[in-house]
Amino acid sequence: MASSSMLGRVYLVGAGPGEPDLLTLRAFKLIQEADVVLYDNLVSKEIVALIPSGAELIFVGKSLNNHTMPQETINELLVRLAREGRSVLRLKGGDPFIFGRGGEEIETLSENGIQFEVVPGITAATGVAAYAGIPLTHRDHAQSCVFVTGHIKEGVVELDWTQLARPHQTVVVYMGSQGLQMICAQLIIHGLSAETPAAIVQQGTTLNQRVVVGTLQTLHEKAKAAELKAPTLIIVGGVVGLRAKLGWFNPIVG
Ligand code: SAH
């Protein structure tokens, strides 16, 4: 068995929501020094382009219903590459600990005695909200902000709706595009006004950013008409109304 000094190291690095200037300095430095890089489809192509040509690139992306590489295989690959003594950069969209399964990846590393470092990134919620002009906890509108996953499992979005449908709270939904209609309906059923402002943002922070604003009643239809492309993020709450005044980044006109 190799002694730990011969083992490589894994850097689990958040790449932020897409715009390369939103990388942390630590992420940028590690990208430049990378030996082998594992990345998935949430890492923007502009960021992938920053990886030096000498580094080995491994795409481990996943898309809905199309698991290019199972999570267990990614976990095992990280261990194997580190055991070869290499410096491994695992680049993940946003922040690795926010709906990124980063915890599972380093759990396997820890169990195998592999050294690792975690570099936080700007998560979609904060990056997208900033570029959409939606201050998530503006004091006049929200005293709390919750991040949830809206992923549909066996035909339903299973969330604690009573907890989400509270007044003076902003709800940010990751992976919610397929479940948008169900999410809006459940929030209304559990007590939020149908007039509550809500937005869905396509590819936030990038030049492809598009923001569709409506209410819990109207957002689904508006989003359908807009034919948005993944990834999209949903934001619900009074703060969404502030965009009309505070929106500053409008790369796509019309
Ligand atoms: N770890 C990531 C989230 C991974 S889950 C993070 O911290 O941001 C993937 C979901 O993130 C997508 O389905 C989408 O809801 C959201 N997302 C990521 N980047 C986004 C972007 N640029 N614009 C809109 N939504 C985004």
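Hi everyone, let's start with a pair of strands: β8 and β9, where β9 covers residues 169-174, run parallel to each other and are joined by six bridges. To pick out one spot you can find on the screen, Cys 145 has Thr 170 of β9 as its bridge partner. Before I go on, please keep in mind that this is a predicted model.

So where does that pair sit? It belongs to an open sheet of five strands, and the order across the sheet is β8-β9-β12-β10-β11, with mixed pairing. At the edges you'll find β8, residues 144-149, and β11, residues 210-215, each of which pairs on one side only. If you compare neighbouring strands here and ignore direction, they are turned by 20° against each other on average.

Let's walk over to β10, which has a lot going on. How many of the residues of β10 are buried? Five of its six, so to speak: this strand is mostly covered. On one hand, β10 runs antiparallel to β11, with six bridges between them, and there Gln 202 faces Arg 210 of β11. On the other hand, β10 is also antiparallel to β12, this time through five bridges, and Ala 198 has Val 236 of β12 standing opposite.

Now for the helices around this sheet. Helix α8, residues 219-226, lies across β10 (197-202), β11 and β12 (232-236), and the angle it makes with β11 is about 150°.

Then there is helix α5, residues 124-132. Which residues of α5 are buried? They are Ala 125, Gly 127, Val 128, Ala 129, Tyr 131 and Ala 132. And what do those buried residues pack against? Their partners are β8, β9, β10, β11 and β12, along with helix α9 (243-246).

Let's move to another sheet. This one is also open and has five strands, in the order β3-β2-β6-β1-β7, and its pairing is parallel. Its edges are β3 (56-59) and β7 (115-119); each has a single partner strand, so one side of each is left without a neighbour in the sheet.

For a closer look, take β2, residues 36-39, and β6, residues 87-92: they run parallel and three bridges join them. Within that pairing, Leu 38 stands opposite Arg 90 of β6.

My last stop is a pair of helices. A quick reminder for anyone new to this: two packed helices are described by the angle between their axes and the distance between the axes. In our case, α3 (residues 71-83) and α4 (residues 102-111) pack at about 45°, and their axes are 9 Å apart. That angle is why we call α3 oblique to α4. The crossing of α3 past α4 is right-handed.

Which residues make the contact between α3 and α4? From α3 we have Gln 71, Ile 74, Asn 75, Leu 78 and Val 79, and from α4 we have Glu 104, Glu 105, Thr 108 and Leu 109. Sorted by type, the residues of this contact are four nonpolar, three polar and two charged.

Conventions: Residues numbered from 1 in each chain as written. Predicted model: local features only at pLDDT ≥ 70, side-chain atom pairs only at ≥ 80, totals over all residues. Heavy atoms only, no water. Pairing = 2+ DSSP bridges. Helix = DSSP H or I, 4+ residues; strand = E, 2+ residues; numbered from the N terminus. Axes fitted to C-alpha atoms, helices over the stretch in contact; angles between N-to-C directions. Contact = heavy atoms within 4.5 Å. Parallel < 35°, antiparallel > 145°, perpendicular 65-115°, else oblique. Left-handed = near helix turned anticlockwise from the far one by under 90°. Nonpolar A, V, L, I, M, F, W, Y, C, P; charged D, E, K, R; others polar. Buried < 20%, exposed > 50% of the residue type's maximum accessible area, 1.4 Å probe, protein only.
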